Amino acid sequence: MAKERVVLAYSGGLDTSVAIGWIAEQTGAEVVTVAVDVGQGGEDLEVVRQRALDCGAVEAYVADARDEFAEDYCMLDLQANGLYMEAYPLVSALSRPLIVKHLVTAARQFGAETVAHGCTGKGNDQVRFENGITSLAPDMKCLSPVRDLALTREFAINYAEKHNLPIETTKSNPFSIDQNVWGRAIETGYLEDLWNAPTKDVYNYTDDPAYPPLPDEVVITFEKGIPVQIDGRDVTPLQAIEEMNARAGAQGIGRIDIVEDRMVGIKSREIYEAPGAVALITAHRELERVTMDREQARFKERVGLRWSELVYEGQWFSPLKRSLDAFIKDTQEYVSGDIRMVLHGGRAVVTGRRSDTSLYDFNLATYDQGDTFNQSHARGFIALTGLTTQLAAARDVKFGKGEAMPKLSLS
């Protein structure tokens, strides 16, 4: 009789390497690992794959998903101007549904009925993984060795040393770090004291904005809300993100330090670095201001906020998220053109805009010769837009509830 199998989201680090043997011991199941490259850097996938096998995995699935992540996840966040709490460009939250997709694919391929992840019971990622897994595969079970099988950090170090696992156990890092091509998230350690300022060792994707190089002018060309050229050179979404990470990161752009509302109800201090994401969203928002109708743009802001909350809360595969996706993509029909920005000293400042689909009419906007705006329409417009307030004010006066006028002093 074949053994039951568990598919494990595998990073190649200490905790998930130890989890391979620990899951096998605690459940009697064989473990299949899944490692997905979303642009986090570090080791080659084949090195990670071999380590998983050396630590006891019966199969090791690896996927280079950098282009997939950039095109199908980061670009939708860009089109949505997705920022949780108006600050965080959903770095970790975006990568989870992609990893989930590959976990479920591997589970089907290797005949597993349980999917495991390395999240704790305190954070957001457990929700993102498990909601995602059960959305794509309602028949599958979820397991967290850290949460469900008491796999602590101290135990993991001792277990790795006892079993001679091919993994480094002596490195000391005070921070918990998650990163991908869209950005980098840093938490824990001394950062948990809200009064402590981040030190320079926190940052990796960005240089100190207090000592920037010379200003860097960049022109980004968009087609339907997607960057397709930088300074006239064709780029893929992944290449656009990588180039802007390098150029905006060199100027210290994209550092974010916020106290965030986690899903489990606690507040958490988070440091993020997202130079490419912040620069691209800044450019994209400005192009939308040029090309989108006022009412559509106002409503899209509200949609983008709700969209960001859903993604943050692990609802990537939910019906509402799908419906909002359709709205967001429809709004991008005319979001095409060029944005010129100057990157310098921690800021991305838009200095130029041009678009064949622009709603900006120079002759209507100008105050100089060539003005085609009919100013005689303004009096009637003002009367109509103020009519409801005028009627309400008259009623207040009638019933003695009008606003008291300030007395004028003659001295």
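Colleague: What makes the space of about 430 Å³ the volume of the second largest pocket?

Modeller: This is a predicted model, in which local features need pLDDT of at least 70 and side-chain atom pairs pLDDT 80 or more, while totals for linings use all residues. Residues are numbered from 1 along each chain, and side-chain values use heavy atoms, without hydrogens and water. A pocket is an open set of points on a 1 Å grid where a 1.4 Å probe fits, with protein on both sides within 12 Å along at least five of seven lines. Its volume is the space filled by probe spheres set on the points, here about 430 Å³.

Colleague: Which residues line the second largest pocket?

Modeller: Lining residues have an atom within 4 Å of a point. There are 16, and N81, R285, A297, K300 and E301 lie nearest the centre. The largest share, 8 residues, comes from α10.

Colleague: Why is the second largest pocket said to lie between domain 1 and domain 2?

Modeller: Domain bounds come from an automatic or database assignment. Domain 1 (5–172) and domain 2 (176–292 + 334–362) both give residues to the lining, so the pocket lies between them.

Colleague: Why does Q251 count as buried?

Modeller: Buried means under 20% relative accessible area, with a 1.4 Å probe and protein chains only. Q251 has 2% relative accessibility, and therefore counts as buried. Q251 is placed in the loop between α8 (237–250) and β11 (255–261).

How values were computed:
Helix = DSSP H or I, 4+ residues; strand = E, 2+ residues; numbered from the N terminus. Buried < 20%, exposed > 50% of the residue type's maximum accessible area, 1.4 Å probe, protein only.
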